[in-house]
Amino acid sequence: MIHLGISGGGTKIGGLFGVAEVLMLQHGRKFDVISGISSGAVLALPLALGLFDEVRELVVNYTHKQFFKKSPITKKGKISVSAILKLIRFKPYLGDQSQLITTLGKIVSRELFEKYKKGKYADIYVGSVDILSGSKVYPNLKHLDYEDALQAVLASASIPIFTKGVRTKDRWYFDGGLRDHSPTSYVLENIEGITESVSVYSRPKDYKVFIDPPKNFIQLLMRVIDVMNIELSKSDEQREDEICLRKGIKQKKHYLPSIMKSVYDVDQRRLRAVYQAGLQVGRETFKWIA
């Protein structure tokens, strides 16, 4: 079996998609398993169904309104009025990202999802973390009903503090980037039969970028998340290498350049630039292991 793992990356989602588009659409690469965390989780199901035009339209013209019912951040990267009110009321989250359910539902309808479950499409694993127990959760979307599958993607895309996550009676799920930034090492360790794996990372291979000093707590919090994700991503990659060596799994890795200014950056020029960068990365590094 051949696996495609897509890391988290916020609005770097366009670059992640660009790499996948080159591999799957332009070169016709077929995957038996697709896994994703956060942005990667949002992409996984549409990619498995071959909905490239629909996803391209979403990621290149991304706005907060497509994902957020109430965004914690303005277009200029400042805390929103609704988020300030939540702070005053001591809420454990600043925004509501449940609009993602509606947006993803427009791309993958209930009928398409049933077609996916019954057809010979890739198994999809999306990662999140139960914040109360700290345990990793990687459901296979083929084993869920439509509503639960969309909720699993929402959970994976929900960053703690910034969004409310997915809450049930005794569980509370958030972005898998809490424990894994890339899904690949988890999937390779736990899913048997994978012989080749392709990973797409939203960070550069050798990450070193300087920013201006944060001017407020939101900017500082976002930088903290960025640094933590970088370190998680590097640790994930080391585990991936170790597992591939131990199990004899062939591997290929793709990295994006640093373009976006923050996890919630919605600058239209940068959104298009990161998508084009993803296409270029896919073209430059495309060389399948014999």
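**Reading helix packing and strand pairing**

Tutor: The crossing of α1 and α2 is right-handed, meaning that the near helix is turned clockwise from the far one by less than a right angle. This is a predicted model, where local features need pLDDT of at least 70, side-chain atom pairs count only at pLDDT 80 or more, and totals for chains, interfaces and linings use all residues. Residues are numbered from 1 along each chain as its sequence is written, and side-chain values use heavy atoms, without hydrogens and water.

Student: At what angle do helix α1 and helix α2 pack?

Tutor: Two packed helices are described by the angle between their axes and the distance between the axes. Here α1 (residues 13-26) and α2 (residues 39-48) pack at about 35°, with axes 10 Å apart. Axes are lines fitted to C-alpha atoms, for helices over the stretch in contact; angles run from 0 to 180 degrees between N-to-C directions.

Student: Which residues make the contact?

Tutor: On α1, I13, L16, F17, A20 and M24; on α2, S39, V42, L43 and L47. Contact means heavy atoms within 4.5 Å.

Student: Which strands does β6 pair with?

Tutor: Strands pair if DSSP finds at least two bridges between them. Strand β3 (residues 123-130) runs antiparallel to β6 (residues 172-175), joined by three bridges. V129 stands opposite F174 in β6. Strand β5 (residues 166-167) also pairs antiparallel with β6, over two bridges. There V166 faces Y173. A hairpin of four residues links β5 to β6.

Student: Is helix α8 mostly covered or uncovered?

Tutor: Buried means under 20% relative accessible area (1.4 Å probe, protein chains only). Helix α8 (residues 146-156) is mostly covered, with eight of its eleven residues buried. Among them are Y146, L150 and L154.

Key
Buried means under 20% relative accessible area, exposed over 50%, partly exposed in between (1.4 Å probe, protein chains only).
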